[in-house]
Amino acid sequence: RSAAVTPAGGVYRLCWCAGANFDCDVPDAAVMDVGAMTVIGISPLHQHMTCVSGQICGLSHTPLGHHVSSNDRVLVLETCGVESSVQQSTWFLGLVPERMSGASLLHAVTASGGQYRLCWCAASQFSCDSANSFLVDWGAMTLLGPSPLAQHRTCVSGQKCAVTPFVGQHMQLSDRVWILDTCGAALPVPGFPSSGLQDFSELNGSVVVHWGSVEVTASGGEYRICWCAGGLQTGSCDVPSGFRTDVGELLLIGISDP
C-alpha cells in the first residue's frame, strides 16, 4: 500500500500475521516481529506555541523528533496539507517556510487571532514548496490578537467616536488602538482626541474603544484601526510602529481636505 503516514517520529516494529489462518484485523494476531521501521519525524506531536499578532514570531528551539534536521521546514496553516483560504492571513499562512533552526520569521505576524496548526515537512524527502507537502501536524499555534480583521466602523466628524465591540483571541484591557493612515508606518492623524491613540475599556462585558466626550474633528476619509498588544508587547505601544495589525477601516464621515 502507498499512503502518507503522519505518526510521531520514532522506531516501530513490523509484525507479521498469517492471513490464511488468523484474523489479522486485530493487533493480537500479529505476534511475529520481523524487523524495525524507523519513522523520521517530529516527536511528540504536541509541541504547541503561542505568538502575538503584530510581533515577530519564531521557534524558540529546533522541534524535538527522530532524525529531525535543521534543514526541515515548518509552515503555519489552518489545516496541515491544505492551502489556506484566509485572505487576511495570506502572507502569514503562505509564507515561504522557515528552516527549523529556531530562528524567527523575517516579518511581524499580522494574521487575525485564532488557532492555527504547525505543519512539518522533511526537506530530505520532499521539496517543501507547497502546503500539500506539510502533512504532519505537530502542534497548535495560538495567535493572540483581533479576529476577524474586518471590524470596520463608521464615525462622524464633529461628534464623539467609539469602536464597539472589539473582538479577538485573548484580548486584554491593556491592549491599545491607534487610528492611522497606514498601520505600523504612519504619523498620527490630526483631529482625533489623544491623536487617535486609546486604551481598551470594558462596557457591559464587552471590550470597547472610545475617546470619551471629546469630538473628532479630523477630515472626513478612510482611516485604519490599528492594534497593539499592550500587556504582551515586547516593544512599545506608544509609537505607530508598534501598531502593525490592521483590524479594519474607520470611515469618518465629514468634509475632506482638498
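# Strands, rings and a pocket

Q: Which residue of β11 is the bridge partner of V52?
A: In β11, V52 has L144 as its bridge partner. The model described here is predicted.

Q: What makes β4 and β11 a pair, and in which sense do they run?
A: Two strands pair if DSSP finds at least two bridges between them. Four bridges join strand β4 (residues 49-52) to β11, so the two count as paired. They run parallel.

Q: How do you know that β10 and β11 pair?
A: The same cut-off of at least two bridges applies. Seven bridges join β10 to β11, so the pair meets the cut-off. These strands run antiparallel, and W120 stands opposite V136 in β11.

Q: Why is strand β11 described as mostly covered?
A: A residue is buried if its relative accessible area is under 20%. In β11 (residues 136-146), ten of the eleven residues are buried, so the strand is mostly covered.

Q: What is the strand order of the open sheet of five strands?
A: The order is β12-β20-β19-β15-β16, with mixed pairing. The twist averages 30 degrees from one strand to the next.

Q: What makes β12 and β16 edge strands?
A: β12 (153-156) and β16 (197-199) each pair on one side only.

Q: How do you know that β19 and β20 pair?
A: Seven bridges join strand β19 (residues 221-228) to strand β20 (residues 245-253). At least two are needed, so β19 and β20 count as a pair. They run antiparallel, with W227 opposite T245 in β20.

Q: What is the order of the open sheet of three strands?
A: It is β13-β18-β17, with antiparallel pairing. β13 and β17 are the edge strands, as each pairs on one side only.

Q: How do you know that β13 and β18 pair?
A: Two bridges join β13 and strand β18 (residues 206-210) in the antiparallel sense. The cut-off is at least two bridges, so the strands count as a pair. A162 stands opposite H210 in β18.

Q: How many aromatic pairs does the structure hold?
A: The structure holds four aromatic pairs.

Q: Why is the pair of F166 and F200 called tilted?
A: Ring centres must lie within 6.5 Å to count as a pair, and those of F166 and F200 are 4.9 Å apart. Planes under 30 degrees apart would be stacked and over 60 edge-to-face. Here the planes are at 55 degrees, so the pair is tilted. The pair links distant parts of the chain, 34 residues apart. F166 is in the loop between β13 (162-163) and β14 (168-169), and F200 is in the loop between β16 and β17 (201-203).

Q: Why do F166 and F200 count as buried?
A: Buried means under 20% relative accessible area. F166 has 3% relative accessibility, so it counts as buried. F200 has 6%, so F200 counts as buried too.

Q: What makes the pair of F192 and Y223 edge-to-face?
A: Planes over 60 degrees apart count as edge-to-face. The planes of F192 and Y223 are at 85 degrees, so the pair is edge-to-face. Their ring centres are 5.6 Å apart. F192 lies in the loop between β15 (176-180) and β16, and Y223 in strand β19, so the pair ties together parts that are 31 residues apart in sequence. Ring pairs link F192, W211 and Y223 into a cluster.

Q: Are F192 and Y223 buried or exposed?
A: Both figures are set against the cut-off of under 20%. F192 is at 5% relative accessibility, so F192 counts as buried. Y223 is at 7% and therefore also counts as buried.

Q: Why is S70 called partly exposed?
A: Partly exposed lies between the buried limit, under 20%, and the exposed limit, over 50%. S70 has a relative accessible area of 43%, so S70 is partly exposed. S70 lies in the loop between β6 (65-66) and β7 (73-77).

Q: What lines the largest pocket, by class?
A: The lining has twelve nonpolar, five polar and no charged residues. About 530 Å³ of space lies in this pocket. Of the 17 lining residues, the closest to the centre are V5, V39, I40, F126 and V136. The largest share, three residues, comes from β2.

Conventions
Residues numbered from 1 in each chain as written. Predicted model: local features only at pLDDT ≥ 70, side-chain atom pairs only at ≥ 80, totals over all residues. Heavy atoms only, no water. Axes fitted to C-alpha atoms, helices over the stretch in contact; angles between N-to-C directions. Phe/Tyr/Trp six-rings, centres within 6.5 Å; stacked < 30°, edge-to-face > 60°. Buried < 20%, exposed > 50% of the residue type's maximum accessible area, 1.4 Å probe, protein only. 1 Å grid on protein atoms, 1.4 Å probe; cavity = no way out; pocket = protein on both sides within 12 Å on 5 of 7 lines; lining within 4 Å. Points joined across faces, edges and corners; volume = space filled by probe spheres on them. Nonpolar A, V, L, I, M, F, W, Y, C, P; charged D, E, K, R; others polar.
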